[in-house]
There are 4 protein chains.
Amino acid sequence: MSAGRSSSRPTSKGKGSRRPKPSPFEELVGQVLAFRDRRDWRQFHSPKDLAISISLEAAELLECFQWKNPDEVAALVTDPERHREVSWEMGDVLILLISLADILGTDLVKAAFEKLQENERKYPVERARGSARKYREL
Amino acid sequence: MSAGRSSSRPTSKGKGSRRPKPSPFEELVGQVLAFRDRRDWRQFHSPKDLAISISLEAAELLECFQWKNPDEVAALVTDPERHREVSWEMGDVLILLISLADILGTDLVKAAFEKLQENERKYPVERARGSARKYREL
Amino acid sequence: MSAGRSSSRPTSKGKGSRRPKPSPFEELVGQVLAFRDRRDWRQFHSPKDLAISISLEAAELLECFQWKNPDEVAALVTDPERHREVSWEMGDVLILLISLADILGTDLVKAAFEKLQENERKYPVERARGSARKYREL
Amino acid sequence: MSAGRSSSRPTSKGKGSRRPKPSPFEELVGQVLAFRDRRDWRQFHSPKDLAISISLEAAELLECFQWKNPDEVAALVTDPERHREVSWEMGDVLILLISLADILGTDLVKAAFEKLQENERKYPVERARGSARKYREL
């Protein structure tokens, strides 16, 4: 039902306990879903269309770096306007990830923790250290 | 320096106060960067290559839905193994977003908040309600 | 009905004339569609799913270059096995383009000619020469 | 050196033979490379940047179908302006494939023939018929 909440929603601890302030990420999740629901957009949020949209936003993020050599990429980072543009494209990807997680009933942060653990297995430190090879080639 | 940290709760400054427990998202950021640094992978993390990788992981996520009709998508969601597969692909995208945010000095959660605000402007509730049109066509 | 056919050389109409041998590209179009039809796959070829698949194959092509610096890319080109791998990924994109063109009734080669003409307009030689800028920034 | 040429450039057959008229695809290859060279753009055409660009153009093609249900996709195909838009996006992908093939010394049409042959092996008619499953699941 809700993205990124079960890993973060603290349980009350009996009488007198106060609900802790939500973390910024939890607030973001809430605002993303409220944004969607105020526009009645849940009806369009099929998992497949959301996955398409994540892919398209990732392409817009990549477009910021198209045809750019390392010097131009470095310049992009120090220019405040371009830095903001890149950051907002990243924000778009995150907003859509949160939307898909909600539809699928996925705890996004928990899924990333699990994947990181899986990556620990696939890329053992002693073999992966300093190498950009894929795990199949390690 | 750090992704998604500046938006986190400020540490209390009073005598005897303790630093609040990091939120799950903050913990994730810390673990993603530690994973990278234990492998000495920061050297490979150029912004352009990270943006490429985000795009490739988004494609792997989309691949879960390739050739699937709505019934098959629904079945995918209720099958625990497939659900986990999709969730982990989403986790991969988030892990790479966090990695890019760190390299660029972007506060990822803050960027998403800002983009959401921009989207509020581009998609006013009264005009966007119940419509899947792009803002240029609203 | 058929991709890339209407742009092909017209058949001579004179007495005794023979139909000219199809070009390699025309033969490819014929084989791609025959491959599909022998497997009864046209039923799966919705335009949207084909567009998704083109995007996924383009990602597999891009994956060949992920994390690679210019020296490694150059080495990739001179290694026969890797060169073939990249070439086949390009072949996959072309096969799917031909499949989508057939479903949409698009003459693929003609569409590329038209787009090239449009690009001539967007990127006038005198201004675009030696510049990697997008047309909006020219 | 040249894209799509070796499979199509006919060898002269001795005295008196005439060079046959190039096929539309061969003409397209020639025009795409001439377009590039008139703008002195070969310098920007690293294989990695071209692969990025193919991926981005594939995303623009996919964007034509974003949020669209089957009825809306069908309407898109019958609307001449939208049909042209989709066709031109396909043309863009083909133009960039031709550009990458030239830089890599790949015969694009031949590569697609080879990949089709490989697909014949991976998807035998008797098992693949009427099934949208991936070859690993056949």
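1. A salt bridge here is a side-chain nitrogen of Lys or Arg lying within 4 Å of a carboxyl oxygen of Asp or Glu. Please keep in mind that this is a predicted model. By that rule, 2 salt bridges are found across the interface of chain C and chain A. One of the residue pairs that meets the rule is Lys48(C) with Asp49(A), in which the closest N and O atoms lie 2.8 Å apart.

2. On the side of chain C that touches chain A, helix H2 (residues 47–63) of chain C gives the most, contributing 6 residues. Sorted by class, that side of chain C holds 7 charged, 4 nonpolar and 2 polar residues.

3. As to the extent of the contact, chain C supplies 13 residues and chain A supplies 13 residues, and the two chains bury about 760 Å² between them, with 45% of that area on carbon and sulfur atoms. Between chain C and chain A, 2 residue pairs are counted in polar contact, with both residues at pLDDT 80 or more.

4. Turning to helix H4 (residues 80–104) of chain C, its 25 residues should span 36 Å at 1.5 Å a residue, and the C-alpha atoms at its ends are 36 Å apart, which agrees with that expectation.

5. Is H4(C) enclosed or open? Of its 25 residues, 19 are buried, so H4(C) is largely enclosed by the rest of the structure. After H4(C) comes Gly105(C), which has a positive phi, near 70 degrees.

Notes
Residues numbered from 1 in each chain as written. Chains lettered and ligands numbered in written order. Heavy atoms only, no water. Contact = heavy atoms within 4.5 Å. Buried area = accessible area lost by both parts, 1.4 Å probe. Polar contact = N/O pair within 3.5 Å; in protein donor to acceptor, adjacent residues only side chain to side chain. Helix = DSSP H or I, 4+ residues; strand = E, 2+ residues; numbered from the N terminus. Nonpolar A, V, L, I, M, F, W, Y, C, P; charged D, E, K, R; others polar. Expected span 1.5 Å × (residues − 1). Buried < 20%, exposed > 50% of the residue type's maximum accessible area, 1.4 Å probe, protein only.
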